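Reader: I would like to learn how to read the features of a model like this one, taking each idea in general before the case itself. Could you take me through it step by step?

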Amino acid sequence: MSTADMTAPAAHATVEAAVRAQMSKALGGRRGIVEAAVPTIAFTGTWVGTSQLKTSLIIGIASAVVLLLVRLAQRTTPQFVLNSLVGIGIGAFFATRTGDAKDVFLPGILYNGAYAAGMLLSIVVRWPVVGFLIGSVTGDPTAWHNDSALVRLCSRLTWLLMLPCLLRVVIQLPLYWADQVTALGVAKIALGWPLQIAALGAMVWVLARGRTPIEPALQSPAQPPTQPSV
């Protein structure tokens with residue numbers, strides 16, 4: 001699918017096609033998935049081998065920096081590497097402040113908890129987060145809310161998007177309380193892109209079953225679509 005296909009408001013005949021395009025773009029492809037996992041793998045592997053917090057942090061951050069330099073040398077988007085670098089950087093800040101390796105994973109647990117709570121709230125108030133992906137395609141961030149069928153569809157999709165975040169908290173928080181650093185690293189990797197792909201696969205399955213048209217009233221060719229904020 002071309003860039004024009006993903007950005008032009010009229011390029012998608014159905015809501016399902018629009019959301020599929022945005023989900024694919026957000027995932028970052030295979031390379032983005034690998035780049036998200038490498039720093040955690042490097043940190044956890046070094047911790048298992050050395051039990052040295054400082055060394056493990058240096059190796060984890062260095063791996064992200066190397067990936068970033070490769071991206072810059074190739075002149076490709078560094079978005080997903082930067083996300084990974086920021087994530088491990090915040091974790092390193094927490095861990096160095098407390099001197100406890102498990103705190104590298106605390107920001108991720110808190111982030112997933114906040115994200116799950118935010119998405120649940122959006123469903124309860126009937127402004128599901130995924131609806132704003134529709135707005136990013138049509139050029140009008142809120143017009144989709146006038147269609148009850150779209151609201152129901154976006155609520156189901158938001159549930160599927162929320163479940164991985166909730167599952168990460170449910171599994172990782174007890175490990176954090178039990179000081180299981182290695183298990184936390186393994187859980188973060190296992191519950192990262194594999195779980196996200198499973199959730200997106202479920203979303204694609206839901207989307208493949210329906211063909212909800214994007215109403216002409218929702219399309220605003222005169223206004224360029226905004227980038228998704230989720």
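**Reading the helices, cores and rings**

Author: The structure holds zero disulfides, a disulfide being a pair of cysteine sulfur atoms within 2.5 Å. This is a predicted model, in which local features need pLDDT of at least 70 and side-chain atom pairs count only at pLDDT 80 or more, while totals for chains, interfaces and linings use all residues. Residues are numbered from 1 along each chain as its sequence is written, and side-chain values use heavy atoms, with hydrogens and water left out.

Reader: How many helices and strands does the protein have?

Author: Helices are DSSP runs of H or I with at least four residues, strands are runs of E with at least two, and both are numbered from the N terminus. By that reading the protein has 10 helices and zero strands, and the order from the N terminus is α-α-α-α-α-α-α-α-α-α.

Reader: Where does UniProt place the feature "transmembrane region"?

Author: UniProt positions are given in the numbering used here, feature names are shortened, and annotations may be inferred rather than shown by experiment. The unreviewed UniProt entry places "transmembrane region" at residues 55-73, 80-96, 116-137, 157-177 and 189-208. Over residues 55-73 the model is 100% helix and 0% strand, with the end C-alpha atoms 27 Å apart; residues 80-96 are likewise 100% helix and 0% strand, and there the end C-alpha atoms are 24 Å apart.

Reader: What span does helix α4 reach, and what is expected at 1.5 Å a residue?

Author: The expected span of a helix is 1.5 Å times one less than its number of residues. Helix α4 covers residues 53-74, 22 residues in total, and reaches 32 Å from its first C-alpha to its last, close to the expected 32 Å. Just after α4, arginine 75 takes a positive phi of about 55°.

Reader: Which residues of α4 are buried?

Author: Buried means under 20% relative accessible area, exposed means over 50%, and partly exposed lies in between, with a 1.4 Å probe and protein chains only. In α4 the buried residues are Leu53, Ser56, Leu57, Gly60, Ser63, Ala64, Leu68 and Arg71. Seen down the axis of α4, these buried residues fall within an arc of 130°, so they line one face of the helix; the arc is that of the directions from the helix axis to the C-beta atoms. On the other side of α4, Lys54, Leu69, Leu72 and Ala73 are exposed. Isoleucine 58, also in helix α4, counts as partly exposed at 48% relative accessibility, and its C-alpha lies 9.1 Å from that of alanine 92, which is 34 residues away in sequence.

Reader: Which residues of helix α9 are buried?

Author: In α9, residues 181-190, the buried ones are Val181, Leu184, Gly185 and Ala187. Viewed down the axis of α9, they fall within an arc of 165°, so they line one face of the helix. Across the protein, buried residues make up 42% of the 230 residues.

Reader: How many residues does the largest nonpolar core have?

Author: A nonpolar core is a set of buried Ala, Val, Leu, Ile, Met, Phe, Trp, Tyr and Cys residues joined through side-chain atoms within 4.5 Å. The largest has 19 residues, and those with the most contacts inside it are Met119, Val130, Trp144, Leu153, Leu157, Leu161 and Met203. The elements giving two or more residues to this core are α6 (106-124), α7 (131-138), α8 (148-177) and α10 (193-209), and α8 gives the most, with eight residues. A second, separate core of 15 residues includes Phe43, Trp47, Leu57 and Ile88.

Reader: How many aromatic pairs does a search of the whole structure find?

Author: Rings of Phe, Tyr and Trp (its six-membered ring) pair if their centres lie within 6.5 Å, and planes under 30 degrees apart count as stacked, over 60 as edge-to-face and the rest as tilted. The search finds six aromatic pairs. In one of them, the rings of tryptophan 127 and tryptophan 144 have centres 5.5 Å apart and planes at 80°, so the pair is edge-to-face. This pair links distant parts of the chain, with tryptophan 127 in the loop between α6 and α7 and tryptophan 144 in the loop between α7 and α8, 17 residues apart.

Reader: Is tryptophan 144 buried or exposed?

Author: Tryptophan 144 counts as buried at 1% relative accessibility, whereas tryptophan 127 is partly exposed at 31%. Trp127, Phe132 and Trp144 form one aromatic cluster.
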